[in-house]
Amino acid sequence: MFARLKITQKALLLVLIPLIFEIGFGVTVGAMLQETEAEVQRELWAKRLMASYMVINYCISDAMKSVMGIVAGGGLDFVPDYRRSLRPLDESFRKAKEIAKTDPHALRQLEEIEVTTDRFHAQMDQVIEAQENGDQRNAFVQFHHLKPELRQFTEQISELRDYVSSLQQMSPDIQKRQREKLKIVLVCGLIFNIVLAIALTVLFNRDIARRLNILLDNTARLANGQPLRPMLGGVDELGLLDKVFHDMVIALEEANERERAVVKNAQDVIFSIDHDGMFRAANPASQQVFGYSAEELIGKNILHLIVQADREKTLQFFHDMQNGVTVPTFENRFVRNDGKEVFLLWSAHWSQKDRLMFCVVHDLSERKEYETKLVASEARVRAIIENMPLGIISLDPQGRIESVNPSTENIFEFKFDELEGKNLSILFTDPALQTSEGLSEWLEKTAAGPQLEMKMSKKDSSEFPADVSLTVLHSAEGKKLLFTVQDVSARHELQRIKQEFYAMVTHDLRTPLQSIGGSLTLLSAGAAGQLPAKAAEMLSVAERNSRRLNELINDLLDLEKLESGKFDMLFDDVELQTVFSNARESVEALAKSYEVTIAISPEPQTVYADDDRLVQVLVNLLSNAIKYSPKGSTVNIGMEKNADEVKVMVTDQGSGIPAAYQDGLFERFKQVNRREARRKGSTGLGLAICKMMIEQHGGKIGVQSEEGKGSTFWFTLPFHHSAT
């Protein structure tokens, strides 16, 4: 087993075995010394406890003498002596118990003595009290009662004294025996330690020396090319090193074979030429790169195969190499056997001893083609950037302008040389961004963030609104910032026109239209008398178109409020059953006219929502379901509960919606059948408004439908409101 260990492990054993013995020996000696020390401490402890108990005995004896003097006729003159005798008693008991706490038996005896002393003390106090009261007879009686207590105290003190004395007598004998045992252990340990060290040293040296001699012999044999002696075996360093010697001869042969294989299978051309440029040897890769086999190249002059324009610099390259000038790499062009030119990257070494140049050439044709394409790609990207209507500004990390595209010059009316090296702050109108500190803070906060709209400044200091964004780029040159800007003045103008249009619709169309609608309603109700049948029919058409136009205007205004964030939403805990009932009541008349029944799921559920807007959404969905349902069918309002949301569903039995129309159904003015929608009075805005209202609640809306099998319009509501 020792032979299978490594040298480091053997050396470790050589150290560990004596060390383990020394540790065990030291622990044993230490334990024995500790026992001896414990006996010494026990002897000291007994002496201290004996001194404490003697103080207690003295105090009680002195106090008893004072009491006897009082009773014997001394009067009260002995009372001060009595008090003085008992004064150190409590402190003595405390010290004695502190000493005896390590010995339960002694501590228990002290506690019993203390109890007896307390009773004895109390009895003596009664004797003195009777004497102080002049009751001599009672004093004698109480003094007589002291005798049993004094006897018990004397017995307990004697027991404690005997116990402590026995400990004191035992301790010297024990200490003597332990010292003798310690001497024996020390002598035996020393002898064993010497024998162990000698044995380990002999064993280690004999094994290492034998194996080292074999290893040295193998080293000499390897140098002389002789067969090596059999391997040492084992897993130690000497055995592994000997194995390396045995493997080395095989490895050298394999390395030579691999070298030949590498040259033979290399993708690069490896060849040698002489002082005059004549091929002397080449690997098979010459066929693929040069178009010539190795045999065809032997004896050819390489200069005859170089492109005419590159021959002069190739000759200079050969001349430099032969004169010891270091040329790391070299490029030229070579004419293949088929007449095609290839680009070559050379690496060569001139051997003065062999008078040959050993060369390795790599075909660069693919890389050159890639570089050409890369240049063309860069040109295309540059053309795109230069022709983009978006301003693009490249900045360093401090916000200094490094480059701009033509659109930037057009937007700000600056030329590039007027912007280059300047701080981006010159293009802002905000005073907080016109300082380097303020701009640096803004750049750090805005980098890779969302697009912002800001006021920017042209060269003539005129302001304009712009959408800006900042992107961090990491290039070979380090960190760069890409600032993009787009003039949105036209968008602002369009928004202004849009606001004017909505204002016109609100004030100039809706009010007169409501008046017209009211007048038509009055005429239909007979306010102007009974109308002819033809006039009543025309009035009905006019009233229906007026109502439809009014609904379109209201939808447009609602949509504008939702988009601008001005649509008020009042959230509260809402019972969905109440919302379902209110929505059904609102479309009850429409349902009767289409002969459609509305069914509501009876399951209760409370959500946090705006009940009026939920009713508006459901009325829209129910109205569509009723209009497109066959007579005698039922429209169902149901719900499903999930972990954190409730799903409300309106299901009809209509003709269904083709899959091609479902994705855009919730966009404004998107309708499956425009002619049918106009006939049924649809504005094309209802579902878009529903979508925006549900999203205001933090939910989603969608449709599941299949042609011929009806449709289910659904929306989700979270149990807790989440602003979106």
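**A serine in a loop, and its setting**

Author: Leaving aside neighbours within four places in sequence, Ser 293 has Ser 286 and Gln 287 as its contacts, where contact means heavy atoms within 4.5 Å. This is a predicted model, in which local features need pLDDT of at least 70 and side-chain atom pairs count only at pLDDT 80 or more, while totals for chains, interfaces and linings use all residues. Residues are numbered from 1 along each chain as its sequence is written, and side-chain values use heavy atoms, with hydrogens and water left out.

Ser 293 lies in the loop between α7 (285-289) and α8 (294-297). Such labels follow DSSP runs, numbered from the N terminus: helices are H or I of at least four residues, and strands are E of at least two. With a relative accessible area of 17%, Ser 293 is buried; buried means under 20% relative accessible area, exposed means over 50%, and partly exposed lies in between, for a 1.4 Å probe and protein chains only.

Ser 394 belongs to strand β6 (residues 391-395), and its relative accessible area of 18% makes it buried. Beyond four places in sequence, Ser 394 is in contact with Arg 400, Ile 401, Glu 402, Ser 403 and Leu 481.

Two glutamates in loops provide a contrast. Glu 413 sits in the loop between α11 (406-412) and α12 (416-419), and it is partly exposed at 43% relative accessible area. Its phi is near 65 degrees, a positive value in a residue other than glycine. Glu 595 is placed in the loop between α17 (588-593) and β12 (597-600); it is partly exposed, at 48%, and has a positive phi of about 60 degrees although it is not a glycine. Most residues other than glycine have a negative phi.

The chain as a whole has 21 helices and 17 strands. Of its 724 residues, 37% count as buried. Among contacts with a separation of 6 or more, 58% join residues 24 or more positions apart.

Some buried residues form a nonpolar core, which is a set of buried Ala, Val, Leu, Ile, Met, Phe, Trp, Tyr and Cys residues joined through side-chain atoms within 4.5 Å. The largest such core has 39 residues, and those touching the most other members are Leu 576, Leu 614, Leu 618, Leu 622, Phe 713, Phe 715 and Leu 717. Elements giving it two or more residues include α16 (576-586), α18 (611-627) and β17 (711-718), and α18 supplies the largest share, 8 residues. Leaving out residues up to four places away, Leu 576 touches Gln 605, Val 607, Leu 614, Met 639, Val 646, Val 648 and Leu 717. In soluble globular proteins, nonpolar side chains tend to be buried together.

Finally, consider a pair of helices. The axes of α3 (residues 89-100) and α4 (residues 104-132) come within 9 Å and cross at roughly 165 degrees; axes are lines fitted to C-alpha atoms, for helices over the stretch in contact, and angles run from 0 to 180 degrees between N-to-C directions. The two helices are therefore roughly antiparallel, since angles over 145 degrees count as roughly antiparallel, under 35 as roughly parallel, 65 to 115 as roughly perpendicular and the rest as oblique. Residues making the contact include Leu 89 and Phe 93 of α3, and Leu 107 and Leu 110 of α4.
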